[in-house]
Structures are given as C-alpha cells and as structure tokens.
Amino acid sequence: MPGIEYILAALTPFNIFLAITGVIAGTVIGSLPGLTATMAVAVLVPITFSMEPSSALIMMGAIYTGAIYGGAYAAILLNTPGTPSAIATTFDGFPMAKRGEGDLAVSIACIASVTGGLVGAAFLLMLSPPLAKVALAFGPVEYFWLAIFGLTLISALSEGNLLKGLIGACFGLLLACVGIAEISADVRFTFGSQVLLGGIETVSALIGLYCIPVLIDLVATPDKHLKVTHQSRGFRFLEALALSWKAKFSLIRSSVIGTLVGILPGAGGSIAGLVSYSEARRTSKQSENFGKGEPEGIMATESANNATVGGGFIPTLVLGIPGTPPDAVILGALLIQGVKTGPSLFTEGGSIVYTFIYGLFLATILMLPVGLVIGRYAYRTIITVPKAMLVPTVAFMTVIGTYAIRNSISDIIIMILLGVVGWILNRFGFSPSPIVLGLILGRIAEQGFVQAWTIGAATEELGKMFFGRPISLVIIAFILISLFYPVIRARLPKLTLFRGKNNE
Amino acid sequence: MLDVEKLRKADVFSGFLVILLGCFIISQALQMPMKDSYGGVQNVWYVSPALFPLLVGGTLVLLGSLLMRTALRTIGVAGVKSVFRFLAGSTFLTFLKEREILRFYGIVLNLLILVFILVPRVDFFISATAFLFIFFAMFYCLDERYLTTIISYLIGGTIVLCLLLFTPLAERLAPMIGFPADYLLMIMLGALMFWVRKTIGLDPDYRRKYYRCLIIALAGPFIIGVLFKYFLLVPMPFEGAVVYLLDAIWYADFWS
C-alpha cells in the first residue's frame, strides 16, 4: 500500500496552489457552453510542460475534474450543457431552476460531483496497482489486441455509427504510421518532408482535432445571447447535503457506474451521465418526477460524469490506453515529459503515480468550496463573455500552446490542418475520438503486431502466436462483443417484442 | 453535422474517398522494402515496414466499400443522381455564398494567414494582436454586413504584406528600418482599427464593444506572450520589433 510520503508530497503548498488554480480554470472553461473538458485540458496543458510530472498531473487532473463539474452551471441555469457530460443534468436541473431552485440544484451538482470524483479516485487508488501487476503478464501480442479492442470499443460507441468510427480509427492508425517505422526504422509517408520525419506530434494533433472544430462551429453560427433569468438566493448547502444523504445509495451507485464507464476507452462523461441517469430513474421511488426537476436526477448525472475522471485514469496509467478524450491529451503531455505510462510506471515511477492520485483527491475536495463560490458569485460574469471574443482568445492560446511543445511552427501547421480536416469530417459524421485513439494506439498496436509477427515467424507458430494465448483469446472475445454489440442492440427490441407476442 | 438524409447521400462520396485513400496507402506500402539482406544473405528477422500500412489500407478499402454499400441501399441511385444535380446546378453556388459558409471562410482564412504567413515571419505580438482584432472586427465589433468588407481587407492586406515579404524589398529595407514587415502590419492594423472606430460612429453599445476588443487584442498576447517568453522560457516563433523592445526592457540593468 502506498505510504504517507506520497500524501505529504501531494500536499506541498505548490501542489495545493496548482490544484486550486486547476479547479478554478477548469470550472470556468467548463462552464462556458461549447467549450469541452477536453478543450480545457488541451488549451492549458502547455503551462504544465515545465513542471515536475506529478505536479503537472495534479494540475491537469484538477482542470479536468473542474471542467466536468463546470458544465453543470449552464445545464442547470440555461438548459444548455456547458460540456457534453452535463447533457443529462439539463433534464432535471433546468426545471429546478425554472421553479426558483437553481441555487439548490448547483449545490446538489457540486456535492454529487465531489462524491463521484472521490469514488473514482478511490477506485483508481485501489484498482490500478493490482491491474498493473496483471498487465505485467502482457506480451506484445496482448498489447496489439488490447489496442484493437480500444479502437473497436470507441468505434462502437461513436454516436451509433460503427463503420464511421472504425474508419476514423483507421485514419488515426494511418497518422500514427507517418514518420520513422517503429521497429525497422524505415521512413514512411513523409513525402520527402523533413518535418514529418519525427511523426505527427500527438498533443498538437489532439489540440487540432478537439479544439479547432469546436471553435469553428462556435463562430460559424451567430452568437446567441445567453441570459440567466434565475435570481440567486444563497448556497442552500445544508439543504443540498440533506437531500444528497437521503439519496446516498443512488449517489454511490451512479459513481460506481461512472467509474466503470470511464475505464472503457473513449467512453467519457456523457455516456456515463446518461447511463446512470436512466439507471437512477429505473430504480428510484420517485421515477415519475424525473425530468420535472428531481434532485436525484442531477445527483446521478453529476456523480457519474465526475467519477469518469478517476475511472478514465485507470487504463491511462496502467496500460497507456486513454479512458476518456481528456485522458488522451494528458497521456500526450506525459509522453512529452518523458513519462512512459504502463504497468512499469507503478513500480518505477510510483512517486509520480501515487502523488498524483492523492493530488486528485485533494483537487476533488477543493472543488467543493471553489465550485460553490463560482456558482454563486462568478457565474453571471462568465456567461456574459461573448463567443466571438472567447473563440479567438482560445484559438490564440492553442497556437502558442502548440508551438510551446517543441518550439516548432510545423506543429502549429499540422494542428491547424488537422483541425480543419477534423471539422469537415465532423460535418460528415466522423467523430474525432476514434481518430485520436487511433493515433495514440497506432504505435502500441504496430509495435505489438510487428514484434508478435517476428516471434511467431521465428517459431513458425504465427497462428498460435496471435490466436493461441489465453489472455489474447479473452481480449479477442471482447473485441467481437464490441464489434457486434451495435448489431445485437439493434435486434434486441425486435427479440423482446417477439418474446412478448409469444407470451401473449 | 448534416441531417440524416444528407448524411447518407454524403456517405456515398465519403465511402468512395475512403476507398481511394485505402488504395493510395496500399500503393505507397507496396513501394516499401519487403525483404532485407545482409552480405547477400536474406535477413529472416526483417519485418517489412509495409506490413502494418497494408493492414490499415486493406481495412480502409473494406470499410469504405461497406459505407458506400450501406448508403446506396438507403438512398438508392436516384439519391446519387440528385447529389450530382446539386453539385452541377446553381444551388451549389448559392450554398457556397451562404452566410454560415462566409463566416467559415472568415475564420479559416484568418487562421491560415496567421499560421502560414504571420507567425513565421512577423513579430509574434503584432501577429497575435492582428489576428485577434480582425477576428473581433469580423464577428463582434461590427454588424454582419461588414464581414465581406473585412475579408476583402484581410486578403488585400495579406497580398501587400506578401509583396514585401517574398520580394527582395524586405531585405533592402531591413538595414534601414529594422523590421519592415512588422511596421507595415502595424500600419495596416492601425488603419483597420481607425476604420472600425469610424464605422461604429456614436453608437454607445458598439463603442463599448470596440474598446473591450481593443483591450483584449492588445493585452491578451502581451500577457500570454510574456508568460511564455520570460517565465516558461519559450522563445517566440518570430522575434521582431516588439520582442526586441521587450528584451531591452526585461534585460536592462537598471542598477548600473
């Protein structure tokens, strides 16, 4: 069990300062409708490059957790989710605000977010070390299949279009092939360009794919005037606390659902929020009140989406496979710092990981006062910032941030080009997450594939190498389930209907 | 995102483009070395760098075909014909001139000029201020009917700047006035600021917006630029007139 020294390392004045700053910055960015948690992390990530890895991780974790919570403000007070994770918060948050209980809804969201965040962090602390031990048994072929599993899973979850998700993943794999080949060191797909020799820089590609399309979309449509009509009546913290205590089991269940969804590669807060909302409605005694301003609905969504933060870090740190899109950005930032995520990180870089996990606990706890104060006093000011002023400022920050990664103008060019391509692809129904995951997992997949091929060819047991190892077979089974899940799901209502008719 | 019917129609073309991309990857991969020999003896441990791209290319061809097939089954041949009619007819040209598309041109043009022309060749602070102010002028300071005028000014100004940057003129002027492109951009930006202020007139709402934009366009790059340059020690992409001045102030020895 990790010792007290890591707790003390997380509680240095500098780390506390970073956690507070990160939570404030994340909450502010997350509360702005249109700006996502991924964007909050991507825009602010360059500031962390000069920090120690554990401090940088604490700040990024704080930004991420703050941004997920920040999305609740606009969802409750404007019926517009600040981040996609807060979609289900609008269902009950806005009706509560309409009947004059907006403050109570914000306080409930804050308590639920903190609870979810703490449960997620607890799972991260408890599950990661044993999983890292299991992951040490993984060979190249298991890593190859694991990467493919990540890609098929995110494709299956990409807005209901498996084919486009898979195409996006392949496009990401192609981007990962640019530059010098993993094993043989041959130059590929550079078209004679010196700039592309080093491959496509992950963080700049992520900034381009996640930020630029959002910025273009924000300005391409005229600015809607957002106005909060709800009158503030105070924190109503004790009332919110009493309501949360009454629904403690629902709160914990939603947090666990959020953590588990967060572990799945690519499935972020929005899916977690929707799944736990429907589960809370199904099991609640007041299910008929859901959608009409039921506090339990807010609790379910907000606890689940914040629990994805801790849950998402589990595959990120243990396997190097990002659990959620912001984790992909954080993973890229860690690579720039020279920290290689994977099972060995828990043995060789224990101080980094455990200091970060305790830092995440700290940031989540700090979110309670910070979130309540911002929700009470600063939200009106934040919401009045016009999109047309916000967008160029963020765009400018993405440019300087991308440049700061390697002091390279080529990275800015790649970022902008990928951003414009990402916007066009988005218009045609291709989501950026499979592309990003393909780019990140491409190197893991190719390395695993080529190494497994070499070993298999040398032992003349190529088939056995890829399809004959027990762990590989389990992962392949998961791949098949994720690939055929949309088909099964599409047929499921028909089957249920058929069974119902037979019973009649 | 487009609505479902339009999306299915677009899928026919997306699928076709994906197949083309897949074929291109395969053709490129086939040009990569497949075997390796050392001193005339074949290296059995060599794994071709084409192996993985071939896998990716092949998968893309397969998925592209499936996407096309699904789309064709949904919209039929009549749907494809209607897309061709749309592309060949005047509706397509009208679509390209729609307000939303015009806003898209404005954003992308401004971004591309910043990245390809300004950032590598003009002082970072001036480039960033120009980028921000033009953006604000396009979408915030002024009414939407001025969007075309600002885009035209942006294109015209860029051509003038390119004439200075990509001809020997800049080199000849540099010994005399230091950073000619920086000063030229400052003059053009000043002219735009003056024009925007004049166009706004006495409307108090727009005047407030104008001054707010001016402050952010000047203070934003200054605060973030100084933070990156002097605290995070990231050199600016191009250090011209303003960085020269800031360096002189930052590194000045006031105590000697």
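Helices (H or I, at least four residues) and strands (E, at least two) are DSSP runs, numbered from the N terminus. This is a predicted model, in which local features need pLDDT of at least 70, side-chain atom pairs count only at pLDDT 80 or more, and totals for chains, interfaces and linings use all residues. Residues are numbered from 1 along each chain as its sequence is written, chains are lettered from A and ligands numbered from 1 in the order in which they are written, and side-chain values use heavy atoms, with hydrogens and water left out.

**Loop residues of chain A**

- A:Phe191 sits in the loop between E2 and H9 of chain A, and its phi is positive, about 50°, although A:Phe191 is not a glycine.
- A:Phe191 counts as exposed, at 58% relative accessibility (buried means under 20% relative accessible area, exposed over 50%, partly exposed in between, with a 1.4 Å probe and protein chains only).
- A:Phe189 is placed in the loop between strand E2 (187-188) and helix H9 (202-220) of chain A, and has a positive phi near 50° in a residue other than glycine.
- At 8% relative accessibility, A:Phe189 counts as buried.
- A:Ser287 belongs to the loop between helix H12 (269-283) and helix H13 (295-319) of chain A.
- With a relative accessible area of 30%, A:Ser287 is partly exposed.
- A:Ser287 and A:Tyr403 are 116 residues apart along the chain, and 51 Å separate their C-alpha atoms.

**Buried helix residues of chain A**

- Helix H3 (residues 37-44) of chain A has 8 of its 8 residues buried, so it is largely enclosed by the rest of the structure.
- The buried residues of H3(A) are A:Ala37, A:Thr38, A:Met39, A:Ala40, A:Val41, A:Ala42, A:Val43 and A:Leu44.
- A:Leu78 is part of helix H4 of chain A and is buried, with a relative accessible area of 13%.
- A:Tyr358 falls in helix H16 (residues 350-383) of chain A and is buried at a relative accessible area of 13%.
- From A:Tyr358 to A:Lys464 the separation is 106 residues in sequence and 43 Å in space, C-alpha to C-alpha.

- Two packed helices are described by the angle between their axes and the distance between the axes.
- Axes are lines fitted to C-alpha atoms, for helices over the stretch in contact, and angles run from 0 to 180 degrees between N-to-C directions.
- The axes of helix H4 (residues 53-78) of chain A and H6(A) cross at roughly 155° and come within 10 Å.
- H4(A) and H6(A) are therefore roughly antiparallel to each other (angles under 35 degrees count as roughly parallel, over 145 as roughly antiparallel, 65 to 115 as roughly perpendicular and the rest as oblique).
- The contact of H4(A) with H6(A) (heavy atoms within 4.5 Å) is made by A:Tyr69, A:Ala72, A:Tyr73, A:Ile76 and A:Leu77 of H4(A) and A:Gly102, A:Ala105, A:Val106, A:Ala109, A:Cys110 and A:Ser113 of H6(A).
- By class, this contact has 9 nonpolar, 2 polar and no charged residues (Ala, Val, Leu, Ile, Met, Phe, Trp, Tyr, Cys and Pro count as nonpolar, Asp, Glu, Lys and Arg as charged, and the others, Gly among them, as polar).
- Helix H6 (residues 102-135) of chain A also packs with helix H10 (residues 237-246) of chain A, at an angle of about 55° and with the axes 9 Å apart.
- That angle makes H6(A) oblique to H10(A).
- On the H6(A) side the contact is made by A:Leu104, A:Ser107, A:Ile108 and A:Ile111, and on the H10(A) side by A:Phe237, A:Glu239, A:Ala240, A:Leu241, A:Leu243 and A:Ser244.
- The residues of the contact of H6(A) with H10(A) comprise 7 nonpolar, 2 polar and 1 charged.

**Chain B**

- Helix H9 (residues 204-231) of chain B and helix H10 (residues 241-250) of chain B have axes that come within 12 Å and cross at roughly 60°.
- H9(B) and H10(B) are therefore oblique to each other.
- H9(B) contributes B:Phe222, B:Val226, B:Lys229, B:Tyr230 and B:Phe231 to the contact, and H10(B) contributes B:Val243, B:Leu246, B:Asp247 and B:Trp250.
- The contact of H9(B) with H10(B) divides into 7 nonpolar, no polar and 2 charged residues.
- Chain B is assigned domain 1 (4-89) and domain 2 (99-250), with bounds from an automatic or database domain assignment.
- The centres of domain 1 and domain 2 of chain B, taken over C-alpha atoms, are 41 Å apart.
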